[in-house]
Amino acid sequence: MNFEFKNENNQRAVLLLHGMTGSPFEMKQYGKNLHKAGFDVYCSCLPGHGKDIKNIKKTKWQDWFNFAEEEYKTLKKNYSEVYLGGICMGAVLALAIAEKHKDVSGIIAISTTLFLDGWTIPWYSFLFPMGLHTILRFYYSFPEQDPYGIKNEIVRRKISALLKENTVALNYIPMTCVYELLEMSKQVRKSIKNINHPILIMHSNRDDLTSLKSADFVYKNVSSTVKDYIILKNSYHLIVMDNDKDLAVQKSVEFLNSISSFNNSELKQLMS
Amino acid sequence: MKLLIYSLISFLIFNSSLIMAFIAGKVIFKKENINLSSNYSIFLSVLLIFYFLSILAFNLFSFNTKYFGYGILILPFLFMPFIIGRISKYERINFYANMQIITLIWSFLAGVLIILGIS
């Protein structure tokens, strides 16, 4: 499931972080395109994620953070520029790492999930506090359901089939996972002012899991002088697999090249 | 006074329902049927809400009466499910589920003592 796309002697790497109950599969195409644009790309499956729902129930947000931080530190030893890119929970994780590491070269936050307030959140969400903060969170899971974060119907059908096979992501979202994500979001919100790295925020105005409120919050509260906020209109939550995936790649590459101290010709020289 | 009694009776009803529902839950959750577990936990959430409301109602109706002390007595039970939820871990979920049932039994006994005290 994990992937790495590498060039010889590259000095720029992007660490991609997948979303809640997802897997590196959802970032693969996006990663391939970043690699084509001259970046080494790495993406590993976060702790607890995979096929077994029991593992994720045992996982705390600190486990995700420590794992991703270690990955970042390893990359930092080998590259002069390391960027963080994440979707959903991965974006929150990227922000959390950047809050701690001033040497992160830049952040791409896609569908950042600081608040769960999208339009597919079930009608009984008012019961969530009862489920989240009592032992009931260990028993409650809500099923991944149509539209699976995807507006494009062809891709949606494929994802739906893959989810039924339980091969690329969990087909249920355990409440424990939501709890840990919200705990991590709380920490990130508290110290978001510490983020002064260049940041690109991409969010769909039709995101089914988290509304623009999360992206607005990040844009308004980070201390970054270089910050860009793009609202996409033709996707749901999983932008990197949806109708706007090419636009997301294009904007990401433009952003990364604009903040990189290496220009493309220098890189080609280095790599040849 | 009537409202005070009614709120105490509803507290006892929801409390005993929760005890039974949590005990039944130990069997239901063991089956590892995700849909069944999820629906059952929604049912438990609803019961918990009514349980909390009944504690709040009793406190409200006992305010400014000589029974106010009884309200204070059962108030900690409002927070117990959240405290247990905060400290619980998936690896020892049976232990914490038992702890939840035991605190519900204590609160039920407290409710019975209060009703005896009032009458």
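Chain A contains ten helices and nine strands, where helices (H or I, at least four residues) and strands (E, at least two) are DSSP runs numbered from the N terminus. The radius of gyration of chain A is 18 Å, close to the 19 Å given by the globule rule for 272 residues, so chain A is as compact as a globular protein of that length. The radius is taken over C-alpha atoms, and the rule is 2.2 Å times the number of residues to the power 0.38. The model is predicted: local features need pLDDT of at least 70, side-chain atom pairs count only at pLDDT 80 or more, and totals for chains, interfaces and linings use all residues. Residues are numbered from 1 along each chain as its sequence is written, chains are lettered from A and ligands numbered from 1 in the order in which they are written, and side-chain values use heavy atoms, without hydrogens and water.

The C-alpha trace of chain A spans about 55 × 40 × 35 Å along its principal axes. Of its 272 residues, 60% are buried (under 20% relative accessible area; exposed is over 50%, partly exposed in between; 1.4 Å probe, protein chains only).

In chain B, the buried residues of helix α5 include B:I93, B:Y96, B:L104 and B:I118. The buried residues of α5(B) pack against α1 (2–30), α2 (34–62), α3 and α4 (76–87) of chain B, with contact meaning heavy atoms within 4.5 Å. Helix α3 (residues 68–74) of chain B holds B:I72, which counts as partly exposed because its relative accessibility is 43%.
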